[in-house]
Amino acid sequence: MSKRKVKNIITAYTFLLPNFVGFLLFTLIPIVCSMGLSFMEWDSANPMKFVGLANFAKLLEDETFSISLKNTIYYSVFTVPLTMAAALGLALILNQKLKGINMFRTVFFFPHVASLVAVAVVWNLLFHPTLGPINNILRAMGVANPPGWTSTIDWAMPVIIIVSIWKSMGYYMILYLSGLQAIPRELYEAAKVDGANTFQRFRNITLPMLTPTTFFVSIMLTIACFKVFDLISVMTNGGPGRATNVLVYHIYNTAFINYEFGYASAISMVLFAIVLVITVIQFRAEKKWVSYM
């Protein structure tokens, strides 16, 4: 092997080293430690005690865990498809040759980079039951008893879903935009010559060509939804009651409020397994979707 080739290999690994070290310290080692801790009972003050599968057995009797799992699924089932639809719709609109289009793209992308705390505070003010402008508008339209939004069990999670879609759709819009701009224009021109209308071109050209992008977006959105924490922590603190208490928020309370680190690790492992299974299913579904298209 020549000296130049050895030098190139060393240079490549040098650039990869910081990322590898970061993955090792902040991802792989914590995962392994959490797996081991899930079989322990530990409150950080007393020595660890091996309890085997007791933490996992406790999950079957934990009502808060069941509610948190249901809330997480509820949040994900609505947030993932609605965010994808909103992002794709925005991408289709902003893929047109319009004056000032870059400004509009920036405007819709801005919520993604805005401070989440600031965003949550503003939306809480907008949805305030008595002083919020949304309910004031509804009252002006003749709605006598507008919803209490984040202060009511029935409306708290829908509000979280709305805010989550608004904040994240700009990011996925950019991904869809890049996918749309990679589609050869000749395909659309040939379809027009054959008499295909707008819907037919979308169904038979746009959607199939966007399959890799859609698959990537669905994976990233699903993972993001199952680990949602910060938005709920700022807006509702898991309330009212346990209406917005999701799995990650339950893990946080179990570990850092109740100091049950072993049990919190067991819940984390269950969450990891759920996300892994869903991801595998999505990979298999993507292959069938490609073969069908």
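1. V122 counts as partly exposed because its relative accessibility is 45% (buried means under 20% relative accessible area, exposed over 50%, partly exposed in between, with a 1.4 Å probe and protein chains only). V122 lies in helix α5, residues 116-126 (helices are DSSP runs of H or I of at least four residues, numbered from the N terminus). Its C-alpha atom is separated by 42 Å from that of P184, 62 residues apart along the chain.

2. On provenance, this is a predicted model in which local features need pLDDT of at least 70 and side-chain atom pairs count only at pLDDT 80 or more, while totals for chains, interfaces and linings use all residues. Residues are numbered from 1 along each chain as its sequence is written, and side-chain values use heavy atoms, with hydrogens and water left out.

3. The largest nonpolar core has 43 residues, of which Y75, I160, V163, Y176, V217, L231 and M235 touch the most other members (such a core is a set of buried Ala, Val, Leu, Ile, Met, Phe, Trp, Tyr and Cys residues joined through side-chain atoms within 4.5 Å). At least two residues each are supplied by α3 (63-94), α5, α7 (153-181), α8 (185-193), α10 (211-226) and α11 (230-235). Helix α7 gives the largest share, 13 residues.

4. A second, separate core comprises 14 residues, among them L37, V248, Y263 and A264.

5. Apart from neighbours within four places in sequence, M235 is in contact (heavy atoms within 4.5 Å) with A120, W123, N124, T150, V159, I160 and V163.

6. L17 lies in helix α1, residues 3-37. At 47% relative accessibility, L17 is classed as partly exposed.
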